[in-house]
Amino acid sequence: MESFLILYPIITLVVAAVLVPIISLIGKALNFEKLREAFTIAGFLAALYMLFNLYQELKTVKDGLLTYRIEGFGPPFGVIFVVDWLSIFMASLFCGLGLMAAIFSIRYMEEDSGLERYYTLLFTLVTGMVGVAFAGDFFNFFIFWETMCVSSYVLVSFRIRLWEPVEAGFKYLVMSTFGSLLVLYAMSYLYGLTGTLNFAYIAKAISDISTPTILYFLIGLIIVGFGIAAAVAPFHTWLPDAHPAAPAPISAMLSGVVIKAGVYGIIRLLALVLHPAPIDWSIFVIVLAIFACLTMTVGNVMALLQNDIKRLLAFSSVAQIGYITLALSVGLFGGVIGIYGLTSGLLHVMNHAIMKGLLFLCAGAIIHAAGTRDLRELIGIGHKMHGTAIILTVGALAISGIPPFNGFISELAILLATINAGMGLFAAIMLANIIIGFSYYLKLLYMLVWQSPKENLQNVKEAPFSMLLPMAILAILCIVIGLWPQPFIDFASKAAESALNFTTYISII
Amino acid sequence: MVLNIGLYMVGAIILFFIGIYCIVAKRNAIKTVIGIEIITTAIHLNFIALGIMVPPYGVVDPLAQGIVIMSMIVGAAIATLALMLIIRIYGHYKTVDLRKVSRLRW
């Protein structure tokens, strides 16, 4: 069904991005600098409200698909936005974590200069991700993807007077651009094979293609390209440099949702666009599962060795991407097994966004208070920051899969889905990895919360309210999803069903 | 007149590998950026060449040219950003040799 509501979240975010510098100038003239932050939060709230409206509209549609043809030009030539349950699921995650990062930035970033650029880039980053989720063809997809990528390069190297963000930003730029270019190369061949850039028309044309051998090559390019963006090992080497180098709210955004955009790209292209192709998918199931096991092992083992709190969390993100990739590989089976696997994967995408956002914000609060990232310097800081310590404990227990919290639900779901698909070996590897993950989070908790504080931390004070608020919201979400997961599971399973249901997608557009 | 599309596609593949060689083997940061630009150009060539081949035959598809123009804009933005970062790298390290710009461990 045609709906103009699709454009509203994107328009809101773009207009907010353009207005931030102007509002910032007005704030300076009125001697009320915080007007900029207030406007940013209002912008994200407005975007979330627009997304909620879209959600209500989507509920009323029977086949679960909304489209918007720009200027009325339909496919295969025109540019089209398509919103299904997967899009709205991902977009609400992106916007929600953006709001949390914006609230956290009020106090965390107040000593930096150039904040009007910072908030503009935060808006363009979220715009890019929401646009990627809403795109219905490669044209849109590519433009919004690059909007997201360029914004995150600049945000990683935002504190450009220090050496670390510059070096990490350059490394991130080279690797991530290379990944985007691989995807673009695959796009050009798909365009040559089918004569269109529209997802649905490519899916239609690809089912009776004469030379299916080239598709193996193209899917390989797509997996590697998005794998670089999603930090799948062995292409993860930019992540443990880039995520710690960024300011803490941006680390939360990058680890929480930007790498998930890569996961979304893999789901969208492999489960929808290329899935009707006449090729042997079981090869890619195995390839993705092996990548997943490599990723989680590398991430967990490297995280064990870290003494820097943000590097530890960054390597933990690599490990969690491994779990998600394993769920995606099960999702490629299609059918009931595939829906089950993809549901667990999407549930973990949501939970990991919440948990890792929470942990990075905690790390930010601790770094802001103590001025160092070295775990050995931070021993016992929880005794000085009680609120942060409680929230950190919730986050660390949740991500290591302890029952009353949300991480347990999704990690168990992935394990069960993997066993259900007959991949018991991979489930065993994942279980071993969860135990390793628990060990370094225990180490983190032991060092930061349990041990008595060192002398160098005498003057540390509790984080201010505006930092504790987003952390507390995310921690409460961790507990709520852990105790009452049913609505979230339903949402994720609807998203997984619509992601795998390419026949409806093709017939509507 | 029949254009030989395959020739352009082979040319694109060769350019693509030259770009990869530039990124992997060259240690100068500016040469890395040049490698990225060469890969971008290879993909553009591929798009434009394939735009002639897709139906309806005999008409050049404007869609391919549209996405190439967008990609050129993005490529310019990324090159600018990369060169800005290289200037900053030079300021911090007094070199653009990427072997020496590696204070961060893996």
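Predicted model: local features only at pLDDT ≥ 70, side-chain atom pairs only at ≥ 80, totals over all residues.

Reader: How are α3(A) and α18(A) oriented to each other?

Author: In general, a packed pair of helices is described by the angle between the axes and the distance between them. Here, helix α3 (residues 85–108) of chain A packs against helix α18 (residues 486–500) of chain A at about 130 degrees, with the axes 7 Å apart. The two helices, α3(A) and α18(A), are therefore oblique to each other.

Reader: Which residues in α3(A) and α18(A) meet?

Author: From α3(A) come A:Trp85, A:Leu86 and A:Phe89; among their partners in α18(A) are A:Phe491, A:Lys494 and A:Ser498. By class, this contact has seven nonpolar residues, one polar and one charged.

Reader: And how are α6(A) and α8(A) oriented to each other?

Author: The axes of helix α6 (residues 163–194) and helix α8 (residues 213–230), both of chain A, come within 8 Å and cross at roughly 155 degrees. Angles over 145 degrees count as roughly antiparallel, so α6(A) and α8(A) fall in that group. Their crossing is left-handed. Residues that meet include A:Phe178 and A:Tyr185 in α6(A), and A:Leu221 and A:Phe226 in α8(A). This contact has 16 nonpolar, four polar and no charged residues.

Reader: How many residues of chain B are in contact with chain A?

Author: On chain B there are 32, and they touch 31 residues of chain A. α3(B) gives the most to chain B's side, with 14 residues. That side divides into 25 nonpolar, five polar and two charged residues.

How values were computed. Residues numbered from 1 in each chain as written. Chains lettered and ligands numbered in written order. Contact = placed C-beta atoms within 7 Å. Helix = DSSP H or I, 4+ residues; strand = E, 2+ residues; numbered from the N terminus. Nonpolar A, V, L, I, M, F, W, Y, C, P; charged D, E, K, R; others polar. Axes fitted to C-alpha atoms, helices over the stretch in contact; angles between N-to-C directions. Parallel < 35°, antiparallel > 145°, perpendicular 65-115°, else oblique. Left-handed = near helix turned anticlockwise from the far one by under 90°.
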